[in-house]
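Visitor: Could you take me through one part of this model closely, and then show me another for contrast?

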Amino acid sequence: MSRPTGRVLTLLELLQSGGTRTVAELAGRLGVEGRTVRRYVDQLIDLDVPVESVRGRYGGYRLAPGYRLPPLMLSDDEALAVLLGLVAGRRAGLTTAQHTASETASAKIRRVLPRHIARRLDTLLESLAFTEQPGESGTPDAGVLLTVADAVRHRRPVSIRYTDRDGRRSERTLHAYGIVAHAGRWYVTGEDPRIGEDRTFRLDRVADARTLPGSFEAPADPAPAERVVAALATAGYRHEVTLRIHGTVEQIRARLPASVASLEEHDPVAGEDRAAERWLRVELRAERLDWLPPVLASLDRPFVVERPDELRDLVIALADRLASRARQA
């Protein structure tokens, strides 16, 4: 959409909010001169939008009384799908730009729905409960998200201004392979051509993005989602943990998913069932260790802590606390 067309639509939205808007006010909101506002008004009139000119000291432009845009045609199922998608996206932290964007979008959809459908949907949303609290993760800027998406689609390099978790700022060039939504956050993954290595960045930490000239070829495998999961599991944190756990892959993955830990699988010996329980090596990195003993306890499988010793001490301390409380009358 060209910028003039976008401004014409913005002008229509301003007039739809009601009342008379002066030329100076509209020019300020649109960032143009007064004569440009008049030209945009003429374009709306050409589209059969009844814009009225109001003369006098407080004159300006307004929409003719009773004018409404054609209703948004959604079936009951479609309206339910859209509104639930907005609610779920907000709860999961997968919103962009301002947190109010999904709320205002929901309000606009409700406003154009027939009353009987709106009442039924509101009843459902009021009755809906979630077992988890909404995420408090940062949300990416919509402009950044769309710019990176365009770079992914057209295989163009993109320059980003990034702030890492320690607050260090840098400007990087990325050959972006894909955008991935994971655990309430948005990520972009691709190759940093300066160092020739794959990198994964949180999009809410990207302050600015702009596409660059040129193009690149993206590898077919692994898929962007697999790259992000692997990057998160091997990210550089304070502690490196190595465990041996006796169980099946499914049992271990139920508590230590691929985004948290890497699992070294050995080929079964002759006659051994691949799905059978056996000792498997598990490696992960963590900024803190206090969450791991309860996870290992919930696995309820034999395990050995190979490193670090601090984790072994935490496991013993947890076992002592549980035993002490179990003996209390």
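Guide: In helix α3, the residues T36, V37, Y40, V41 and L44 are buried, where buried means under 20% relative accessible area, exposed over 50%, and partly exposed in between, with a 1.4 Å probe and protein chains only. Seen down the axis of α3, these buried residues fall within an arc of 145°, so they line one face of the helix; the arc is that of the directions from the helix axis to the C-beta atoms. On the other side of α3, R35 and D46 are exposed.

This is a predicted model, in which local features need pLDDT of at least 70 and side-chain atom pairs count only at pLDDT 80 or more, while totals for chains, interfaces and linings use all residues. Residues are numbered from 1 along each chain as its sequence is written, and side-chain values use heavy atoms, leaving out hydrogens and water.

Back to the helix: α3 covers residues 34-46, and at 1.5 Å a residue its 13 residues should span 18 Å, which agrees with the 19 Å between its end C-alpha atoms. That expected span is 1.5 Å times one less than the number of residues. Helices (H or I, at least four residues) and strands (E, at least two) are DSSP runs, numbered from the N terminus. After α3 comes D48, with a positive phi near 65°.

For contrast, take strand β5 (residues 185-192): 6 of its 8 residues are buried, so the strand is largely enclosed by the rest of the structure. β5 pairs with β4 in the antiparallel sense over 7 bridges; two strands pair if DSSP finds at least two bridges between them.
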